[in-house]
Amino acid sequence: KEFSEYISKEYALPEVNVLDPAFLLNKEQWSRIAAKVKHNNYLLIYAFDEGEELYETALNVAKEKGYKVIAIVYKHRDDLPKEIIQLDDCGPKEFVGLIKNAEFVCTSSFHGTAFSLIFNKDFYCFPHRKFGARTDSILEIAGILDRNVYKEDGVRNWSGIDYVVVNKRLDEEIRKSEEFLR
């Protein structure tokens, strides 16, 4: 949104905000790309800007729901609790497959949020205070800004996501984005 406002003001062009290209494929198309996953009944952590609250929340949700916890990491971390299964060899297909098959996702990443929406997953987003505009924007479009978790607020919504409403809102934005791009 900030970029489209800048372009509009700087170059006197109409402001058009299109969705990230990840939304140009639907759930079925992404499913064909997704790698098969050997795990089941798990909560997935995908985070760049991690904080204690992300791992604490993930472990609490997993314990409450009976899920194991899997984290996509860049290299093995000795500081994570032992019950977290760490995967450090995931490419794009594995990433998509892990989100597709997760029961729940905890993420600080825009694409973790986007693919949680695409696959209709329950999730919490732990956005970066300075760089979380993209996740804020997509969650606002979807009507679920309460899925953002901030350290000082904690989890504000423990209920599941009503994807009938969310998908209707996203489908309309996808349609507008495709129309503009054509």
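**Notebook: helix packing, sheet and aromatic cluster**

I began with the contacts between two helices: Ile-138, Glu-140, Ile-141 and Ala-142 in H6 meet Val-166, Arg-169, Leu-170 and Glu-173 in H7, where contact means heavy atoms within 4.5 Å. I note at once that this is a predicted model, in which local features need pLDDT of at least 70, side-chain atom pairs count only at pLDDT 80 or more, and totals for chains, interfaces and linings use all residues. Residues are numbered from 1 along each chain as its sequence is written, and side-chain values use heavy atoms, with hydrogens and water left out.

**Entry 1: H6 and H7**

I looked up the geometry of this pair and found that helix H6 (residues 133-142) and helix H7 (residues 163-181) pack at an angle of about 115°, with 8 Å between their axes. Helices (H or I, at least four residues) and strands (E, at least two) are DSSP runs, numbered from the N terminus; axes are lines fitted to C-alpha atoms, for helices over the stretch in contact, and angles run from 0 to 180 degrees between N-to-C directions. H6 and H7 are therefore roughly perpendicular to each other (under 35 degrees is roughly parallel, over 145 roughly antiparallel, 65 to 115 roughly perpendicular, the rest oblique).

**Entry 2: the sheet**

What is the order of the strands in the open sheet? I read it as S3-S2-S1-S4-S5, with 5 strands and parallel pairing, two strands being paired if DSSP finds at least two bridges between them. The edges are taken by strand S3 (84-87) and strand S5 (122-125), each of which has a single partner strand, so one side of each is left without a neighbour in the sheet. On average, and with direction ignored, neighbouring strands of this sheet are turned by 20° against each other.

Helix H4 (residues 92-101) lies across S1, strand S2 (68-72), S3 and S4, and runs at about 135° to S1. In H4 I found Phe-95, Val-96, Gly-97, Leu-98 and Ile-99 buried (buried means under 20% relative accessible area, exposed over 50%, partly exposed in between, with a 1.4 Å probe and protein chains only). The buried residues of H4 pack against helix H2 (27-33), S1, S2, S3, S4 and H5. Helix H5 (residues 110-118), for its part, lies across S1, S4 and S5, at about 160° to S5.

**Entry 3: aromatic rings**

Rings of Phe, Tyr and Trp (its six-membered ring) pair if their centres lie within 6.5 Å, with planes under 30 degrees apart stacked, over 60 edge-to-face and the rest tilted; by this rule I have 4 aromatic pairs. One of them is the tilted pair of Tyr-46 and Phe-95, at 4.7 Å centre to centre and 50° between the planes. Tyr-46 lies in strand S1 and Phe-95 in helix H4, so the pair ties together parts that are 49 residues apart in sequence. Tyr-46 is buried at 14% relative accessible area, and Phe-95 is buried at 12%. Trp-30, Tyr-46, Phe-95 and Phe-115 form one aromatic cluster.

I also checked a charge over a ring (NZ of Lys or CZ of Arg within 6 Å of the ring centre and within 35 degrees of the ring normal): the charged end of Arg-134 sits over the ring of Phe-110, 4.0 Å from its centre.

**Entry 4: two single residues**

Not counting residues up to four places away in sequence, His-111 touches Asp-20, Ala-22, Phe-95, Ile-99 and Arg-134.

Phe-123, in strand S5, is buried at 0% relative accessibility. With neighbours within four places in sequence left aside, the contacts of Phe-123 include Phe-104, Val-105, Thr-113, Leu-117, Leu-139 and Tyr-163.

**Entry 5: positive phi**

Asn-41, which is not a glycine, has a positive phi of about 55°; I place Asn-41 in the loop between H2 and S1, partly exposed at 33% relative accessible area. Asn-120, likewise a residue other than glycine, has a positive phi near 55°; Asn-120 lies in the loop between H5 and S5 and is partly exposed at 23% relative accessibility.
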